[in-house]
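Visitor: Hi, I'm new to this one. Could you walk me through it?

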There are 2 protein chains.
Amino acid sequence: MPRGFSGIAALLADPTREAMLAALADGSALPAGRLAQLAGITPQSASGHLRKLLDGGVVSVWTQGRFRYFRLADERVAVALEALAGLARPRVTPAVVQDPRSAKLAAARCCYNHMAGSLGVALACALAKRAYIKIDGDAVALTRAGSRWAEEFGFAARATSVDRREVRLCLDWTERRFHLAGRFPGGVLQFLLETGHLVRQETRVLCVTPSGKLWFRGLGIEA
Amino acid sequence: MPRGFSGIAALLADPTREAMLAALADGSALPAGRLAQLAGITPQSASGHLRKLLDGGVVSVWTQGRFRYFRLADERVAVALEALAGLARPRVTPAVVQDPRSAKLAAARCCYNHMAGSLGVALACALAKRAYIKIDGDAVALTRAGSRWAEEFGFAARATSVDRREVRLCLDWTERRFHLAGRFPGGVLQFLLETGHLVRQETRVLCVTPSGKLWFRGLGIEA
DNA sequence: GGAACGTTTCACCGCGCAACGAAGCGAGCT
DNA sequence: AGCTCGCTTCGTTGCGCGGTGAAACGTTCC
């Protein structure tokens with residue numbers, strides 16, 4: 001852990017690490033291999049970068065089996081990243097500060113393999129309200145009713161007690177609330193994409209189709 | 001001007017540049033040579049660093065004769081620096097966050113060759129109220145009354161129209177208001193130090209003596 | 001004019017770090 | 001058990017950057 005701000009700045013000064021941190025900037029947790037892929041480097045290079053970021057306290061890690069999920073260590077990291085990003089190119093296009101993409105990203109986006117944004121948060125709330133999932137503290141479990149509901153749509157979902165691979169909470173950065181991550185939410189997203197209820201636009205942006213609006217309305221969500 | 005935050009971070013990632021920026025963190029403007037001295041490097045090294053910081057928009061420069069005064073380009077730079085510094089060593093000595101030195105620095109400090117802090121701001125207000133100086137926008141001029149007042153204390157001060165070397169405004173970082181910089185405020189500080197109204201403590205901290213309290217009271221300032 | 005001074009530019013040296021290939025570790029699957 | 005897969009560690013290469021000395025530029029003072 002460095003003493004002054006130059007040590008922290010050195011950790012953020014590499015373009016490759018910037019690509020990784022930008023991918024984590026929305027609060028999502030990504031495994032090392034995917035971060036390597038996003039940054040366009042080999043896994044062993046990414047491993048070195050992530051080790052530095054971890055030692056510097058910029059990211060935290062959560063090991064699950066052979067996967068190691070990395071995320072930003074703290075909200076203050078995201079704040080510092082935004083402060084730095086705001087310093088770069090300060091006087092370029094002073095108007096049009098509101099990026100139209102950011103609005104779409106806040107509405108609905110894919111976070112690795114599941115849904116995030118206000119739509120992802122609404123989905124999590126709806127599933128909890130219908131007792132398809134049961135939230136206890138930061139632990140989430142898929143109920144038998146939720147398992148049956150999942151089978152309706154053709155993707156298997158085991159009603160395990162507390163299996164973080166199956167379903168877990170993920171802090172949504174734009175909403176400051178939790179949405180769902182894991183295999184089960186991943187299956188939901190995959191189902192919605194395959195059936196055309198959602199279409200994937202440019203990087204990570206999700207767009208709700210007319211049939212998707214109907215599907216979400218069935219859960220009490222106005223998309 | 002870099003595109004992402006990694007470019008800006010690279011500018012802040014050098015310990016030598018950190019020393020320079022820390023010296024400028026209170027909003028003071030320092031010449032290149034003094035920054036080199038503070039950072040413990042040769043002038044030609046400092047010149048290279050300052051060129052990078054200038055190109056990156058981190059600092060701004062104001063040339064005066066053979067001197068080039070550097071300062072932080074923007075308040076947002078200071079905000080970003082604080083955000084980064086807050087990230088370094090987050091869990092070391094969680095108590096005693098309030099540095100007793102910072103309170104003294106906020107009360108009264110020397111900014112290169114003049115006074116800053118709440119005492120410096122109060123002095124600027126008192127001199128303006130007594131029409132010793134005339135503030136018009138960001139231009140400041142020493143009046144004839146101010147010139148006579150200065151001669152009482154033995155330091156020459158020319159009542160020029162608008163000479164930025166004589167007197168100019170300097171944004172006070174702790175007060176977010178302006179205090180005075182230039183030869184004339186420099187002469188005031190020199191006078192106060194020589195007469196024992198102020199004593200210089202550890203780096204940049206100024207302490208008001210009992211005789212100093214009387215002197216400031218004569219200007220309507222309770223130090 | 002000449003000298004002193006603050007600053008910048010240039011050329012060079014040396015260290016540090018990011019990238020990869022190869023190999024090793026550990027967990028999960030059959 | 002053997003295999004696959006994700007990740008890490010080790011060793012190497014090569015580029016980039018910070019540091020200094022030498023020299024040039026511009027300003028100020030005599």
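Guide: Happy to. Of the residues of chain A, Ala9(A) comes closest to the rotation axis, with its C-alpha at 2.2 Å. This is a predicted model, where local features need pLDDT of at least 70, side-chain atom pairs count only at pLDDT 80 or more, and totals for chains, interfaces and linings use all residues. Residues are numbered from 1 along each chain as its sequence is written, chains are lettered from A and ligands numbered from 1 in the order in which they are written, and side-chain values use heavy atoms, with hydrogens and water left out.

Visitor: What rotation superposes chain A on chain B?

Guide: A rotation of 177 degrees with 0.2 Å of shift along its axis, giving an RMSD of 0.4 Å. The two copies are thus related as by a two-fold rotation axis.

Visitor: Which residues of chain A lose the most area to chain B?

Guide: Phe5(A), Leu87(A) and Arg89(A), which together make up 27% of what that side buries.

Visitor: Let's go back to Ala9(A). Which residues of α1(A) are buried along with Ala9(A)?

Guide: Phe5(A), Ser6(A), Ile8(A), Leu11(A) and Leu12(A) are buried too. Helix α1 of chain A spans residues 5-12 and is mostly covered, with six of its eight residues buried. Buried means under 20% relative accessible area, exposed over 50%, and partly exposed in between (1.4 Å probe, protein chains only). Helices (H or I, at least four residues) and strands (E, at least two) are DSSP runs, numbered from the N terminus.

Visitor: Where is Gly56(A) found?

Guide: Gly56(A) sits in the loop between α4 (43-55) and β2 (59-64) of chain A. Gly56(A) is buried, at a relative accessible area of 5%.

Visitor: What about chain A as a whole: how many helices and strands?

Guide: Chain A has 10 helices and 11 strands. Of its 223 residues, 45% count as buried.

Visitor: Switching to chain B, in what order do the three strands of the open sheet come?

Guide: The order is β1-β3-β2 in chain B, with antiparallel pairing. β1 (30-31) and β2 (59-64) of chain B stand at the edges with a single partner strand each, so one side of each has no neighbour in the sheet. Two strands pair if DSSP finds at least two bridges between them.

Visitor: How many bridges join β1(B) to β3?

Guide: Two bridges link β1(B) to β3 (residues 67-72) of chain B. Leu30(B) has Phe70(B) as its bridge partner in β3(B), and Pro31(B) has Tyr69(B).

Visitor: And over how many bridges do β2(B) and β3(B) pair?

Guide: Six, in the antiparallel sense. One of the residues involved is Val59(B), whose bridge partner in β3(B) is Leu72(B). The hairpin of β2(B) and β3(B) has two residues between the strands, and Gly65(B) there takes a positive phi near 65 degrees.

Key. Copies are superposed by least squares on the C-alpha atoms of residues with pLDDT of at least 70 in both. Buried area is the accessible area (1.4 Å probe) that two parts lose on being put together, summed over both.
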